Amino acid sequence: MIFQNLLASTSALLVALVQLGSMDVMGSSKGIKVLPVDLSPSIVYVEKDGIKGFIYPEDWDDNDARVMCKQLGYKSGVALGPWDLVRLQPNVTFGAIQVWDRDNYRLVCAEGFDDLAAQAVCRSLGFTYGKSICCSAFGRMEYSIVYSNINCTGIESSILECDYVKYFANCTSEHYASVACSNSPENEEFELKIHQSGKVTTRHFDNSGFICANGFDDTEATVICKEMGYKGGSAYFHSRHTKYSTVPLLGVPWLANIACEGTEKYLGECGKINWGSVGTCDENRLPAVYCYNKTGFSFALVNGTGNDNGLVVFTVDDKEGAICLRDSVTEERQKLAAIVCKQLGYGNGGLLLNGTDAENEFTARKLFPGKSDMFITKIKCKGNESSLAECTFRILEGRYDFPEDWISITLDGCESSSCYRTRSYNRGYAFLNELSCWAGKRRLVVKCFL
């Protein structure tokens, strides 16, 4: 067996499961004391020359566990593990801090948790540096907050070597602490990327991540697009409720409430670049940008019988687009019509055509001929919004130029011919559904009221 000093860097521990109740004894052999346990199962701690430690997991088995338990005065025992005493979820380099305690993992309170504490966590996981990510940054966790008032000095190799309060956690915010780990020291450098879908991602401290929707608007979009060589940019939002927007795939929520003025040349010049200090990150929306070189988005009604009705169109640069109502139901279309009318300065609005879907398609294509260069689609609104900018949607350009995450149906995981046939058919149908927008179908036509 290897005696592991608690000051050494490791997070894997072994547990001996004792068969009898706890006994107030302390076994001793060759100057090494085996500390008593009070729970089954429990981590086996040892002490030598006043220094506490634990049994290193290498080659630990049931025979060793039996000897250890007999030394403590028990009848027998079995080996369990190794288990990670400290781990991160959802990723090995970033996530919520989870500490094994007695019979389950527990969380650490975010209040007072700083970069010194984050460094202690990351050292125990084999990294050199750590950064605190605040607060409850990775969604809901199934474990309870047990550790609070964390106070580290910067020399610790584990968070359990820091001062803390346990079980009587003083955590009024009820937010858990998280970290990002790296083997490189933090600096001001970061990478910024605009994906084909418009989604904005960033990489900092060797960890990929994203910008929270909180406080994100056209000023931030303009700065980001300027940094990429464009004249300006418009902000909009994707939904986070897709399989491509899960926490492990999105990465670290690096920034929120950046407070750009729009005149900055790059994002790093904005007023509040506080990496990892995001507060509460919007769990429903994900920022996206559309960059332009001439003019930004402008909405209007065209080809109607008056100024207050017609086909909803938008222009950006030299391109014209429409709103595609793919897969939407009548109630959702009515909500959307009202939101568009409010955005155009009207008090309310509704659908101009109120026949059956087939009748509306026929009438709309007759009254509003022509094709569009691009579409706003996959729109999700609550109904109380005053503009489309408050909803989530996607922008589609190019007839067959679908972004990487556009069609959710994939062939991944298929192991039989029937699975391939079914999914291939459904995927093909989904593509046809998308292409219906380009055929002039399913476009939004409204009537607005003062």
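This is a predicted model: local features need pLDDT of at least 70, side-chain atom pairs count only at pLDDT 80 or more; totals for chains, interfaces and linings use all residues.

I started with Ala-259, which counts as partly exposed at 36% relative accessibility (buried is under 20% relative accessible area, exposed over 50%, partly exposed in between, with a 1.4 Å probe and protein chains only). Residues are numbered from 1 along each chain as its sequence is written, and side-chain values use heavy atoms, with hydrogens and water left out.

Ala-259 has a positive phi of about 65 degrees although it is not a glycine. I found it in the loop between β20 (252-255) and β21 (285-292); helices (H or I, at least four residues) and strands (E, at least two) are DSSP runs, numbered from the N terminus. Asn-303, another non-glycine with positive phi, comes out near 60 degrees and sits in the loop between β22 (298-302) and β23 (309-316). Most residues other than glycine have a negative phi, and most peptide bonds are trans.

I then looked up cis bonds. One joins Gln-89 and Pro-90, with omega about 20 degrees, and Pro-90 belongs to strand β9. The bond from Cys-134 to Cys-135 is cis too, omega near 0 degrees; Cys-135 is in the loop between β12 and β13.

**Helix α2**

How many residues of α2 (115-124) are buried? I get seven of ten, so I call the helix mostly covered. Among them are Ala-117, Ala-118, Val-121 and Cys-122. The buried residues pack against β9 (86-90), β10 (94-101), β12, β13 (145-151) and β15 (178-182).

At the N-terminal end, Asp-114 is the cap: a side-chain oxygen lies 3.2 Å from the backbone nitrogen of Leu-116. Just after the helix, Gly-126 takes a positive phi of about 95 degrees.

**Lys-131**

Lys-131 is in strand β12 (residues 129-133). Is this lysine buried or exposed? Lys-131 is buried, because its relative accessible area is 10%. Its side chain makes a polar contact with the side chain of Glu-186 at 3.3 Å (a pair of N or O atoms within 3.5 Å; within protein, one must be able to donate a hydrogen and the other to accept it, and residues adjacent in sequence count only if both atoms are side-chain atoms). I also noted that Lys-131 touches, among others, Asp-115, Ala-118, Phe-205, Trp-254 and Trp-275, not counting residues up to four places away in sequence (contact means heavy atoms within 4.5 Å).

**Cores**

The largest nonpolar core has 57 residues; Ile-97, Val-108, Phe-113, Ile-150, Val-179 and Leu-267 touch the most other members. By core I mean a set of buried Ala, Val, Leu, Ile, Met, Phe, Trp, Tyr and Cys residues joined through side-chain atoms within 4.5 Å. A second, separate core of 26 residues includes Tyr-236, Ile-339, Ile-379 and Ile-395.

**Two partly exposed residues**

Tyr-167, in the loop between β14 (163-166) and β15, counts as partly exposed at 39% relative accessibility. Glu-332 is in helix α5 (residues 330-343) and is partly exposed at 38%. Its C-alpha atom is 8.4 Å from that of Lys-380, 48 residues apart along the chain.
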